[in-house]
Amino acid sequence: MAKIIDKPASGDTLDVERIRADFPILTRRVGDKPLVYLDSAATSQKPQQVIDAESDFYAHHNANAHRGIHMLGEEATELFEGARGKVARFLNAPSAESIVFTRGTTESMNLIAHGWGRKFLKAGDEILITEMEHHSNIVPWQLTAQQTGATLRYLPITDDGLLDLSQLESVLTERTKIFSVTGMSNALGTITPLPRLIEAAHAVGAVVAVDGAQLVPHLSVDVQALDLDFIVFSGHKMLGPTASGGLYGRREILDAMDPFIGGGEMILEVFPDYSTWKEVPYKFEGGTMNIAQEIGLGAAIDYLEAIGMDAVRAHEEEINAYALKRIGEAGATIYGPTDPDLRGGAVSFWYKDVHPHDLATIVNEEGVAIRAGHHCAQLVMRRYGVPATARASFYIYNTKDEVDVLISALERAEQVFAL
Amino acid sequence: MALDDIYKEVILDHYKNPRNKRELPNAELSCSKNNPLCGDDITVFIHEEGDTIADVAFQGQGCSISQSSASMMTEAVRGRSVEDAQALTKDFRDMMGGEHEPDEDEFGDLVALKGVVKYPIRIKCAVLAWDVLQEALQEGAGEAAGTAPHTV
């Protein structure tokens with residue numbers, strides 16, 4: 001069975017200084033302090049290669065894809081479809097046609113909840129999600145449950161921030177038609193045991209959708225080895241432009257689904273009272289697509305592949321371990337697993353008696369960008385009895401020195417609040 | 001240092017020792033709101049005697065800016081007429097919009113929140129309690145005018 005966390009081979013290291021030089025924004029200052037960007041779980045920064053790819057498209061190749069007979073139209077189509085091929089290769093999808101482009105995770109999950117859920121679910125069926133989900137993997141299913149009469153059920157989480165697998169058998173039953181679960185929690189950092197979850201879901205005949213918004217940017221994902229039915233992701237969290245991203249879907253499931261967005265370019269023929277659809281993936285891609293953004297995502301994937309996803313993970317494990325240790329020692333309460341092997345690079349915490357919003361404002365004065373809030377995961381916040389947390393999140397361009405700056409900034413916050 | 005402008009002693013004092021943070025059993029009016037961005041929430045309770053805000057209290061949770069603003073607000077509007085409290089609400093909002101130079105006599109501790117203007121994303125924190133106050137007072141006025149009130 002595929003392991004979602006493979007220990008990278010030794011020697012897979014990345015040159016952080018060389019990587020940082022590719023990200024123009026990292027030379028910015030916040031007031032008189034260097035920027036320390038610790039909010040990549042919200043959106044990652046972009047290397048010059050991605051910025052150039054998007055701008056090169058507009059400067060030299062801009063035309064609508066799949067429409068123009070003219071030369072630019074052909075170039076635009078080739079670049080756009082080239083990006084699809086890169087995404088397919090990155091996820092080891094069996095074909096480029098199994099990749100549907102969307103504006104990102106939220107739109108992708110809505111596409112599944114609408115195109116698959118509303119077509120195949122009925123009263124008595126169950127949709128299983130977990131208490132760990134981002135709102136983008138809750139709300140679309142609430143809407144679909146209301147429309148179809150299906151019941152929405154939750155796999156609970158433990159005090160340690162893990163999925164409560166002891167409850168899996170009671171909530172995952174033959175009534176479960178789809179199990180939609182995060183691969184890595186944005187609020188807790190938890191990496192979920194996907195191989196086990198997928199096997200258990202398939203054993204009861206359920207389709208599995210994975211929210212890969214945090215997983216895909218940080219860990220190597222092989223959709224065939226995992227035997228995945230769907231995985232959704234956002235380009236902007238993996239060095240790509242905003243409004244890039246999409247989903248992988250198993251071909252026969254995509255074929256059986258209804259379209260999501262109706263309109264131009266997704267149809268074969270239109271008659272007064274009905275229309276016929278193009279083949280997948282085009283039946284899901286109504287209207288002019290985010291062509292430049294997906295081309296930028298292709299460049300982001302080139303960048304990540306040149307580094308190697310094993311090296312990405314190895315670097316993040318090192319930073320995560322260091323950050324968990326330092327933030328914990330500084331006196332903060334950390335939410336989510338404390339074992340770096342079980343988590344990605346998002347560390348949610350509450351520092352002493354400083355409210356996360358106050359903390360985010362104060363550390364910003366030291367140049368440090370962290371997130372404060374409920375992280376679009378209000379169920380998680382309620383589970384742990386906090387209205388909000390502070391969250392520091394890391395990526396390939398972050399260093400241990402930056403963690404040290406965060407710690408000093410936390411100490412500064414404590415001084416301010418000790419007034 | 002700029003930071004000290006918003007984390008003044010007076011703000012932290014109201015945050016750590018909030019005034020009138022309790023329920024008000026004899027409140028005729030109450031209203032709750034939260035800030036969906038951050039999850040801060042505030043409930044304001046008002047006891048009126050005639051046209052005067054005889055007592056006012058709040059409950060809630062959130063950052064130092066939202067909670068201290070609520071605390072200061074209760075002190076600032078107690079004993080004022082409804083009309084007067086609404087005028088102060090407008091002045092406070094205008095101060096947070098950078099359009100009103102506060103008068104120390106009128107504003108008292110509230111002047112301390114002026115520094116928040118430099119942190120646009122935090123202005124909502126400072127204004128939340130005042131939004132709740134205004135809505136509660138409007139509902140009171142609605143009741144007087146015969147529209148459906150949402151009162152305790």
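User: How many residues does the contact take from chain A and from chain B?
Analyst: In this predicted model, the contact takes 15 residues from chain A and 16 residues from chain B. Two residues are in contact if their C-beta atoms, placed from the backbone, lie within 7 Å.

User: Which elements give two or more residues on the chain A side that touches chain B?
Analyst: Helix H11 (356-365), strand E16 (371-373) and helix H13 (400-417) of chain A. H11(A) has the largest share, 5 residues. Helices (H or I, at least four residues) and strands (E, at least two) are DSSP runs, numbered from the N terminus.

User: Switching topic: what does the domain assignment give for chain A?
Analyst: Domain 1 (16-34 + 308-417) and domain 2 (51-305), with bounds from an automatic or database domain assignment. Their centres, taken over C-alpha atoms, are separated by 28 Å.

User: And how many residues does the contact take from each of those domains?
Analyst: 21 residues from domain 1 of chain A and 21 residues from domain 2 of chain A. On the domain 1 side, H10(A) gives the most, with 5 residues.

User: What about numbering and confidence?
Analyst: Residues are numbered from 1 along each chain as its sequence is written, with chains lettered from A and ligands numbered from 1 in written order. Local features need pLDDT of at least 70, side-chain atom pairs count only at pLDDT 80 or more, and totals for chains, interfaces and linings use all residues.
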